[in-house]
Amino acid sequence: MTCLPQTYPCRAPRIRLTEFTPAVLRLQNNSCTTGSLEIISSTGGLLCLPKPLNRGSRIKLMFLTDQGPVLGAAELLSPVSGTQQPFRFVALAYGDQRRLRTITQGSLKPETPRQLVEISRLVDGEQRWIEKYRAAMSHGTPPRRRLLKLALAALMLATLGLSCAVYLFSIHLR
């Protein structure tokens with residue numbers, strides 16, 4: 001197994017898998033769980049699991065590709081939803097690295113300049129979304145919760161104002 005670098009100079013190409021790709025995870029306590037692979041790159045990917053596992057857990061991950069099986073050591077990252085959890089490879093055999101590079105680089109070869117522009121827009125859009133998500137998470141509270149709190153506060157004020165108006169109107173009628 002070859003250890004992979006902790007940081008990369010640029011983002012590795014990611015491929016969203018179109019076919020169901022089952023994955024088997026062996027946890028540190030030697031128990032196994034299954035999931036499916038949604039996105040893959042030479043540095044990691046996104047798993048769909050029945051329930052998220054602990055962030056930082058070291059696992060052995062195995063899945064099949066058109067190029068052959070891939071088996072590697074990975075670290076689980078923070079879940080992005082109740083069923084989706086990203087991971088990064090921490091060790092891969094040379095053959096497995098080569099299979100992943102073949103898959104990711106082979107699918108990015110555009111046939112026309114227009115496809116190249118579309119791929120560039122997609123990658124840029126994903127990168128902007130990731131940066132916005134990381135910024136929101138670093139502040140502790142996702143922006144939607146703040147918006148929900150503001151909406152509830154406005155609703156409470158409106159309800160309070162309406163009840164005060166009804167009370168004043170009822171006093172005026174007496």
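Helices are DSSP runs of at least four residues, numbered from the N terminus. Helix H1 covers residues 94-106, and within it Asp-96 and Arg-99 are three residues apart, which means that about one helical turn separates them. The model described here is predicted.

**Overall make-up**

The chain contains three helices and eight strands. Read from the N terminus, the order of elements is β-β-β-β-β-β-β-β-α-α-α. The chain has 174 residues, and 27% of them are buried. Its accessible surface is about 12400 Å², with 61% of that belonging to carbon and sulfur atoms. Among contacts with a separation of 6 or more, 58% are between residues 24 or more positions apart.

**Strand pairing**

Which strands pair with S4? Strand S4 spans residues 32-40, and strand S2, residues 15-16, runs antiparallel to it with two bridges. S3 is also antiparallel to S4, and five bridges connect the two. Strand S5, residues 44-48, joins S4 through four bridges, again in the antiparallel sense.

Individual bridge partners can be named for these pairings. Arg-16 has Ile-39 in S4 as its partner. Ser-36 stands opposite Cys-48, a residue of S5.

Two of the connections are hairpins. Between S3 and S4 there are five residues, and Asn-30 in that turn has a positive phi of about 70°. Between S4 and S5 the hairpin has three residues.

The loop between S2 and S3 holds Glu-19. Glu-19 is exposed, with a relative accessible area of 60%. Its C-alpha atom is 9.3 Å from that of Leu-37, a residue 18 positions away along the chain.

**Salt bridges**

How many salt bridges does the structure hold? There are two, listed in the table.

| Glu-75 | Arg-88 | 2.6 Å |

The bridge of Glu-75 with Arg-88 links two strands: Glu-75 belongs to S7 (residues 68-76) and Arg-88 to S8 (residues 84-92), so the pair ties together parts 13 residues apart in sequence. Glu-75 and Arg-88 are both buried.

**Cysteines and a surface patch**

The structure has zero disulfides. Cys-32 is exposed, at 55% relative accessible area. Cys-48 has a relative accessibility of 23% and is therefore partly exposed, given that this class lies between the limits of 20% and 50%.

A nonpolar patch on the surface is formed by Val-24, Met-62 and Leu-71, whose accessible area together is about 230 Å². Val-24 is part of strand S3, residues 22-26.

Note on methods:
Residues are numbered from 1 along each chain as its sequence is written. This is a predicted model: local features need pLDDT of at least 70, side-chain atom pairs count only at pLDDT 80 or more; totals for chains, interfaces and linings use all residues. Side-chain values use heavy atoms; hydrogens and water are left out. A disulfide is a pair of cysteine sulfur atoms within 2.5 Å. Buried means under 20% relative accessible area, exposed over 50%, partly exposed in between (1.4 Å probe, protein chains only). Patches are made of residues with over 30% relative accessible area and no salt bridge: like charges are joined within 9 Å, nonpolar side chains (Val, Leu, Ile, Met, Phe, Trp, Tyr) within 5 Å. Accessible areas come from the Shrake-Rupley method with a 1.4 Å probe; for residues, only the protein chains shown count as cover. A salt bridge is a side-chain nitrogen of Lys or Arg within 4 Å of a carboxyl oxygen of Asp or Glu. Contact means heavy atoms within 4.5 Å. Two strands pair if DSSP finds at least two bridges between them.
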